[in-house]
Amino acid sequence: MIRRPSVEEGTMTVPLPPLPPAADDAYRPGGRSVAELVDREHRQLCDLADEVMDPELAPERRREVVDVLTATVSRHLSAEEQYLFPAARAAVPASGELVDREIEADAALLTALKGLSGPDDPALAEVADRVRRHVVRVAALVTPLREVATDADLIRLGNRWQIAEEAAPTRPHPGTPATPPWNKIVEPAVGVVDKLRDAVTGRRTQLADLDRQPKA
């Protein structure tokens, strides 16, 4: 389990489900670590923020990129608040204040996304800027968590992150709960409704939907 120093016992366990039985302490679950997933998604978010602000982008392409950016941010923040923030708060006590501030910043980002009137809304520049600042701030939470957590714990968190994203909303809902346990109950329910709306409208929500050309 993820552990941190404790005055009474020397360690304190983050409240995560136990690992499956293993023959020795070298057990390593399959999957990608939460740190790797966060880093990858942050790069994707920055790429989307850069593309959506390209002045030469065709209007229809900009609309598609805005839709995918909105869905990607919504899923990302949902998983972040369900698993990354609680783990950082429990394993690195000094991160608590940063987590509180980031939850407020997440709500502001979702509110800004929800307020967009279309792909030509001038407020899109503010959204792109908020996305870039989010990436920088959350890196300050991931770095110390990576230092105190085992590889197995980071992978377990990564597995739960991916499950959370699969069920997460694809549209901004700044009024929903942002901390466990309620966000783990409400977010999947809201996500079902969002996905139904996406299916009916044909809205693009995945990076693959943009038919990106491979980079040289």
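Of the 216 residues of the chain, 44% count as buried in this predicted model. The chain exposes about 11,300 Å², of which carbon and sulfur atoms supply 56%. Six helices and two strands make up its secondary structure, and from the N terminus on these elements follow the order β-β-α-α-α-α-α-α. Among contacts between residues at least 6 apart in sequence, 72% join residues at least 24 apart.

Confidence was examined along the chain. The average pLDDT is 88, and 85% of the residues score at least 70.

The largest nonpolar core has 23 residues, of which Val38, Leu84, Leu145 and Trp161 touch the most other members. Two or more residues of this core are given by each of helix H1 (34–52), H2, helix H3 (96–114), helix H4 (124–148) and H5. The largest share, seven residues, comes from H2. Apart from this core lies another, of 21 residues, with Val52, Leu113, Leu124 and Ala128 among them. The surroundings of Trp161 were also listed. Leaving aside residues up to four places away in sequence, Trp161 touches Val34, Leu37, Val38 and Glu41, together with His76, Ala79, Glu80, Tyr83 and Leu84.

Helix H4 has 25 residues, which should span 36 Å at 1.5 Å a residue; the end C-alpha atoms of H4 are 37 Å apart, in agreement with that value. Its buried residues are Leu124, Val127, Ala128, Val131, His134, Val135, Val138, Leu141, Val142, Pro144 and Leu145. These buried residues pack against H1, H2, H3 and H5. Val135, one of the buried residues of H4, is 92 residues from Arg43 in sequence, yet the two C-alpha atoms are 8.4 Å apart in space. Arg43 is found in helix H1 and has a relative accessibility of 52%, so Arg43 counts as exposed, whereas Val135 is buried.

Helix H6 (residues 182–201) comprises 20 residues and reaches 29 Å from its first C-alpha to its last, close to the 28 Å expected at 1.5 Å a residue. Buried positions in H6 are Asn183, Glu187, Val190, Gly191, Asp194 and Asp198. Seen down the axis of H6, the buried residues fall within an arc of 125°, so they line one face of the helix. An α-helix has 3.6 residues a turn, so residues three or four places apart point the same way. The buried residues of H6 pack against helix H2 (59–91) and helix H5 (151–167). On the other side of H6, Ile185, Val192, Leu196, Ala199 and Val200 are exposed. Just after H6, Gly202 takes a positive phi of about 70°.

Key:
Residues numbered from 1 in each chain as written. Predicted model: local features only at pLDDT ≥ 70, side-chain atom pairs only at ≥ 80, totals over all residues. Heavy atoms only, no water. Helix = DSSP H or I, 4+ residues; strand = E, 2+ residues; numbered from the N terminus. Buried < 20%, exposed > 50% of the residue type's maximum accessible area, 1.4 Å probe, protein only. Contact = heavy atoms within 4.5 Å. Areas by Shrake-Rupley, 256 points an atom, 1.4 Å probe, with all protein chains shown as cover. Expected span 1.5 Å × (residues − 1). Arc of directions from axis to C-beta. pLDDT = per-residue confidence, 0-100. Core = buried A, V, L, I, M, F, W, Y, C linked by side-chain atoms within 4.5 Å.
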